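Hello,

Here is the structure we talked about. Please open it next to this email and follow along.

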Amino acid sequence: MTKKIVFVDVDGTLVSDDGLVPESAREAIIKARSNGHQVYLCTGRSKPELYESILSIGFDGIIGAGGGYIEVDNETIYHKKVSDADVVHMVDFFHEKNLDFYLESNGGLFASENLEAHLDNLVYGDVENDPIAREKKVNNPHPFMESLTYGETNLYRSDVNKACFLENKDVPFEELKKEFSGKFEVLHCTVPIFGDDSGELMVPDIHKATAIEFLLEHIGADKKDTMAIGDGMNDAEMLTYCETGIAMGNAKEELKILANEVTKSVDEDGLYLSFEKHGLI
């Protein structure tokens, strides 16, 4: 069969809500690559969030930051960053509106002042008063929490890929879209615990499909040989651009409508089943 080029989202597709890669997904990717297919990560995450548990599977390359940078064979072939003026704008706005956030760069994830306490409560529970929550934080820390850099006094950085903010019910999502209109694409976040009105600020006109198009040209591959699998609305362009777009069973309903087909959820071996259906394994 024709060798395929497959683009795999991370959160909700490759990785479950508890941050784990199902063994079936790991097996599917390893088998597909051993059969001569190419598999690329295509994620909203930046490099510091791509933990060893993910990278150890083995991939032909990475599209990260929602299309903001591309790596092939450990070489960065494309990288689009937020302008210095736009970083100042969003940092000042987040502070003014009491939105907890972190800035993503390939050199680290840089947290706002109150983010750690906010995330502790979401991820572990009341660590100040609940001994079970405190024990969980100490003995079973979430890798995302450990990947963040706390205590930065200057967040006016010049190496920012994008930013993520947590929900603040006093700040409607539409207010953020209006504030950053023309400056950023403001998308709902794909991490459920961050809240329904949490989100990401992306460089305009950059998304997963633009990066895939750039990568295909770089490696001399044909779009007709592409497949993509994802679950969030930041996967919409990717699924509609690729020849075959597959939505996970746990995907947003709006994404399922755009997809060519829907597989099972991440916890029901959806990635493995889709690879099996299309003859990759």
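First, a definition: a charge sits over a ring if NZ of Lys or CZ of Arg is within 6 Å of the ring centre and within 35 degrees of the ring normal. Arg157 does this with Phe110, its charged end 3.6 Å from the ring centre. Lys223 does it with Tyr241, at 4.4 Å from the centre.

Some ground rules. This is a predicted model, where local features need pLDDT of at least 70, side-chain atom pairs count only at pLDDT 80 or more, and totals for chains, interfaces and linings use all residues. Residues are numbered from 1 along each chain as its sequence is written, and side-chain values use heavy atoms, with hydrogens and water left out.

**Sheets**

Helices (H or I, at least four residues) and strands (E, at least two) are DSSP runs, numbered from the N terminus. Two strands pair if DSSP finds at least two bridges between them.

S1 (residues 5-8) and S12 (residues 226-230) run parallel, joined by four bridges. Val6 has Met227 in S12 as its bridge partner. Contact here means heavy atoms within 4.5 Å.

S6 (residues 101-105) and S7 (residues 108-111) pair antiparallel over four bridges. Tyr102 has Ala111 in S7 as its bridge partner.

**Core**

A nonpolar core is a set of buried Ala, Val, Leu, Ile, Met, Phe, Trp, Tyr and Cys residues joined through side-chain atoms within 4.5 Å. Buried means under 20% relative accessible area, exposed over 50%, partly exposed in between (1.4 Å probe, protein chains only). The largest core has 28 residues, and Leu14, Leu271 and Phe275 have the most contacts inside it. H1 gives the most, with four residues. Leaving out residues up to four places away in sequence, Phe275 touches Val6, Val8, Ala28, Ile29, Ala32, Leu280 and Ile281.

**Aromatic pairs**

Rings of Phe, Tyr and Trp (its six-membered ring) pair if their centres lie within 6.5 Å; planes under 30 degrees apart count as stacked, over 60 as edge-to-face and the rest as tilted. There are 11 such pairs. Phe144 and Phe194 are tilted, at 6.0 Å and 50°. Phe144 lies in H6 and Phe194 in the loop between S10 and S11, so the pair ties together parts 50 residues apart in sequence. Both are buried.

**Positive phi**

Asp73, in the loop between S4 and S5, has a positive phi near 55°. Asp73 is exposed, at 66% relative accessibility.

Best wishes
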